[in-house]
Amino acid sequence: MKDLIRVKSLLSTEVEELLNHQVRKEALSSSIYLAMASWCNRNGFDYSSEYFFKQAEEERHHQLKFYKYILDMGGNAVSPEVTGIKQEYNSFREVFEDALDQEISVTQSIKKIYARCLNEQDYVTNEFLNWFLKEQREEEYKARRALELFEVIGVEGTGAWEIDRHVGKIKYDSEAAD
Amino acid sequence: MVTTLTETQTGIWEDVFSTKAGTVYQCDSETCWYINFAGKVAKFDYRCLQKLKKAVYHIDIEAKLLDSSKDPDVEIIFICACDHTYILTLLQIIELKELLQGTFVMLQLNNILHDKLYRTAV
């Protein structure tokens, strides 16, 4: 008896489900960053707003990368429903705290898929995920660095204005980045 | 489309899994599965089989068992872009779920055998 399911798709049902879950997670991240960009813009933090617009674009790009991988491997990519996006924040700092939380949650989620693929010996998907793991190094670094600015500069006086200016300059260019 | 089980079928049908209520066959030459259940034999390709599985697995059997309303105890399983529709009683749903669960375990086992034995041997 032929292995017809394998002929049709490289992905197991479980991995396909996890990848679709990740598609939703990336879409959620993109929408969250868009809401953050709006909040920052409305509150006069233009550099941070721009930073979050870029982040939203990146997350959308990640979503499509997962989406197309599922399709390319013969799976069924599901367009996600994204609702319940937080639109208001209590403070400038809270925006960045939430951003870091979101990035940590994405890293954890990718680790979960990676572990499942290792378990199934799905090395093809593992190799695909390597790009995302590397990307998460940068994403977490940037989110952590932004939050660090609140510690080293402080929001008193013109602090918030200073933090906003520096957020736009955050780059991950250490030797470990390559 | 309802297909009757006759000798005029082109390919060889191999048993994948069967219960008292029905049988699932695989036809390699047609790249499809035939499900003999609820008085008919229906042909499913890969996509439709996955959709059927999803539809059946998503039925909350426990909730239906506990439902004391006087609604008829019947579920319509309609699969988008597929030729077949099942109109089943709760007992038949349980039987179909059992049949599909067994089928997918066997297909997974077949995948493991292919992966561990045949492909490594080539």
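Modeller: Before we start, a word on terms: helices here are DSSP runs of H or I with at least four residues, strands are runs of E with at least two, and both are numbered from the N terminus. Keep in mind, too, that this is a predicted model.

Let me get chain B out of the way. With that definition, chain B has three helices and six strands, and their order along the sequence is β-β-β-β-α-α-β-β-α. Of the 122 residues in chain B, 19% are buried. If you take its contacts between residues at least 6 apart in sequence, 48% of them link residues at least 24 apart. Where the two chains meet, seven residues of chain A contact nine residues of chain B. On the chain A side, those are three nonpolar and four charged residues, with no polar ones.

An unreviewed UniProt entry lists "domain: Ferritin-like diiron" for residues 9-154 of chain A. In the model, that span is 79% helix and 0% strand, and its end C-alpha atoms are 53 Å apart.

The "binding site" annotation, also from an unreviewed UniProt entry, covers A:Glu26, A:Glu59, A:His62, A:Glu103 and A:Gln136. These residues span 111 residues in sequence, but no two of their C-alpha atoms are more than 12.6 Å apart, so they gather at one spot.

Let's zoom in on two of them. A:Glu26 sits in helix α2 (residues 13-42) of chain A. Is A:Glu26 buried or exposed? A residue needs 20 or more other C-beta atoms within 10 Å of its own to be called buried; A:Glu26 has 26, so A:Glu26 is buried. Setting aside neighbours within four places in sequence, A:Glu26 contacts A:Glu59, A:His62, A:Gln63 and A:Phe66.

A:Gln136 belongs to helix α5 of chain A. With 19 C-beta neighbours inside 10 Å, A:Gln136 counts as partly exposed. Again leaving out residues up to four places away, A:Gln136 touches A:Glu103, A:Val106, A:Thr107 and A:Ile110.

Next, the helices themselves. Helix α2 of chain A packs with helix α4 (residues 92-120) of chain A at an angle of about 170 degrees, their axes 11 Å apart. Angles over 145 degrees count as roughly antiparallel, and α2(A) and α4(A) are therefore roughly antiparallel to each other. Residues of α2(A) in this contact include A:Leu18, A:Ile32 and A:Trp39, while those of α4(A) include A:Val95, A:Val106 and A:Ile113. By class, the contact has 13 nonpolar, four polar and five charged residues.

From α5(A) come A:Ala146, A:Leu149 and A:Phe150; from α6(A) come A:Ile163, A:His166 and A:Val167. Five residues of this contact are nonpolar, one is polar and none is charged.

How values were computed: Residues are numbered from 1 along each chain as its sequence is written. Chains are lettered from A and ligands numbered from 1 in the order in which they are written. This is a predicted model: local features need pLDDT of at least 70, side-chain atom pairs count only at pLDDT 80 or more; totals for chains, interfaces and linings use all residues. A residue is buried if 20 or more other C-beta atoms lie within 10 Å of its own, exposed if 12 or fewer, and partly exposed in between; C-beta atoms are placed from the backbone. UniProt positions are given in the numbering used here, feature names are shortened, and annotations may be inferred rather than shown by experiment. Ala, Val, Leu, Ile, Met, Phe, Trp, Tyr, Cys and Pro count as nonpolar, Asp, Glu, Lys and Arg as charged, and the others, Gly among them, as polar. Axes are lines fitted to C-alpha atoms, for helices over the stretch in contact, and angles run from 0 to 180 degrees between N-to-C directions. Angles under 35 degrees count as roughly parallel, over 145 as roughly antiparallel, 65 to 115 as roughly perpendicular and the rest as oblique.
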